[in-house]
Amino acid sequence: MTVTTETGSVWDTLVGQRHVIDTLRAAAAGHGMTQSWLFTGPPGSGRSNAAIAFAGALQCPRGGCGVCHECHTVLTGSHADVNVVRTQLLTLGVKEIRDLVRQAALAPSGARWQIVIVEDADRLTEQANNALLKAVEEPSSRTVWMLCAPTVEDVLPTIRSRCRLVTLSTPTTDDVAGFLERTLGVDRSLASYAARASQGHIGRAKALAADEDTRKRRSAVVSYPARLTTLAACLRAAEELAKVAKEEADVQTAALDAKEKADLDAAYGVVERGRRPREYAPALRELEKQQKTRATRRYRDVIDRGLTDLVSVYRDAIALASGAPGRLVNEEIRHDVEQVAATSTPELNLQRIGWIFEAREQLMEFNVPPQLALESMMVALKAPGRDR
């Protein structure tokens with residue numbers, strides 16, 4: 001992921017996070033600076049963006065101007081003293097963290113800080129957490145650790161107690177819509193739709209605003225609640241969601257898989273020599289293993305996003321039934337939401353949201369086969385009193 005600025009400040013990528021910016025700007029200026037940080041906030045709130053912006057401010061002689069060489073290289077991911085660690089696998093293991101700790105102990109090549117940003121600190125294994133603990137507790141004199149996770153509970157207590165906490169909030173719909181208009185140049189109606197549909201997730205909002213296929217896939221998912229009137233319809237919906245998610249995940253991973261395979265072939269001289277050295281086969285097996293794990297995570301992540309969209313429909317139905325003010329998340333399908341609200345109760349829709357969260361837990365925590373988890377969930381969501 002490359003972070004860019006639009007108006008000449010490292011903080012411009014942070015949407016609706018004024019309190020966070022004030023805290024980090026003061027720390028970069030030397031007020032309340034510490035060397036171990038934990039950034040938390042809901043998905044899409046900009047945890048890693050905040051950490052990268054802060055890294056830019058720490059490396060910048062002007063505290064984050066956004067235009068100097070230091071800011072530019074941090075924001076584009078090429079600064080020699082800023083290491084952003086992200087994984088597309090299910091976990092971050094002890095080997096990766098030990099290598100990171102050794103690198104972090106080195107003196108920075110520049111005049112300021114050696115900065116390590118761990119985007120998925122919630123994915124550290126137990127051994128990886130233990131390997132990281134002492135480095136976070138007693139960092140080298142010019143090393144700064146920045147960990148990112150959804151909540152403080154997702155990080156080992158002994159680690160989070162040694163970090164200064166920065167909590168990001170979900171940006172408002174108006175903040176997100178304004179950001180999309182400024183940065184993508186989309187019209188106000190599309191920006192408003194993407195902001196509402198993303199529920200404050202900046203990356204998701206940008207995808208919805210920029211890509212028609214993404215909008216079509218979401219429209220298909222949010223149409224399910226009104227269609228779950230028979231057992232057959234439930235099974236079809238589960239099959240469709242699993243299939244579409246698999247196709248989208250495959251598209252996302254195919255190009256990266258091909259590049260990694262080409263890089264491996266080049267590293268072992270397979271093309272030039274016309275043969276494979278002995279070391280090539282185990283390296284290829286390890287690469288394919290990592291790619292398979294990454295594909296599994298991406299598939300489940302895409303399904304998880306679809307489940308979040310489903311939740312938004314039932315929340316809208318609860319809002320309608322209770323007369324809550326404001327626009328619906330799914331204003332474009334108000335008729336469907338009204339149908340769901342008319343054929344159920346707020347209590348039932350709260351239960352439905354709980355069943356969706358149970359399905360998410362089965363998928364993400366207990367490795368239940370996606371098709372099975374989705375079928376069970378869709379049947380549970382079925383409209384009451386209809387033919388089974």
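Ile-21 lies in helix H1 (residues 18–28); helices (H or I, at least four residues) and strands (E, at least two) are DSSP runs, numbered from the N terminus. The model is predicted: local features need pLDDT of at least 70, side-chain atom pairs count only at pLDDT 80 or more, and totals for chains, interfaces and linings use all residues. Residues are numbered from 1 along each chain as its sequence is written, and side-chain values use heavy atoms, with hydrogens and water left out.

Ile-21 has 4% relative accessibility and therefore counts as buried, a term that means under 20% relative accessible area, with exposed over 50% and partly exposed in between (1.4 Å probe, protein chains only). When neighbours within four places in sequence are left aside, Ile-21 is in contact with Trp-11 and Leu-14; contact means heavy atoms within 4.5 Å. Asp-187 is 166 residues away from Ile-21 along the chain, and the C-alpha atoms of the two are separated by 28 Å.

The next part to look at is the sheet. It is open and has five strands, in the order E2-E3-E4-E1-E5, with parallel pairing. Two strands pair if DSSP finds at least two bridges between them. Strand E2 (82–85) and strand E5 (164–167) each have a single partner strand and stand at the edges, so one side of each has no neighbour in the sheet. From one strand to the next, the twist averages 15°.

The pairings can be followed along that order. E2 and E3 pair in the parallel sense over four bridges, and Val-84 stands opposite Ile-117 in E3. E3 is joined to E4 by five bridges, and the two run parallel; here Val-116 has Trp-145 in E4 as its bridge partner. Five bridges also join E1 to E4, again running parallel, and Thr-40 has Ala-149 in E4 as its bridge partner. Strand E1 (residues 36–40) is joined to E5 by four bridges, and these strands run parallel. On that side, Thr-40 is partnered by Thr-167 in E5, and Phe-39 stands opposite Val-166 in E5.

How are the faces of the strands covered? In a regular strand the side chains alternate between the two faces of the sheet. In E3, Gln-114, Val-116 and Val-118 on one side and Ile-115 and Ile-117 on the other are all buried, which covers both faces. Five of the five residues of E3 are buried, so this strand is largely enclosed by the rest of the structure. E1 is mostly covered too, with five of its five residues buried: Ser-36, Leu-38 and Thr-40 on one side, Trp-37 and Phe-39 on the other.

Axes are lines fitted to C-alpha atoms, for helices over the stretch in contact, and angles run from 0 to 180 degrees between N-to-C directions. Helix H4 (residues 94–104) lies across E2, E3 and E4 and runs at about 160° to E3. E2, H4 and E3 make a right-handed β-α-β unit, where right-handed means that, with the strands pointing away from the viewer, the path from the first strand over the helix to the second runs clockwise. Another right-handed β-α-β unit is made by E3, helix H5 (residues 126–137) and E4.

In soluble globular proteins, nonpolar side chains tend to be buried together. A nonpolar core is a set of buried Ala, Val, Leu, Ile, Met, Phe, Trp, Tyr and Cys residues joined through side-chain atoms within 4.5 Å. The largest one has 35 residues, and Leu-307, Leu-310, Ile-356, Leu-374, Met-377, Met-378 and Leu-381 have the most contacts inside it. Two or more residues come from each of helix H10 (212–222), helix H12 (231–267), helix H14 (280–322), helix H15 (334–342), helix H16 (346–364) and helix H17 (370–381). H14 gives the most, with ten residues. Apart from neighbours within four places in sequence, Leu-307 is in contact with Leu-241, Ile-356, Ala-359, Arg-360, Leu-363, Leu-374 and Met-377. A second, separate core has 31 residues, including Ala-53, Cys-65, Val-74 and Val-82.
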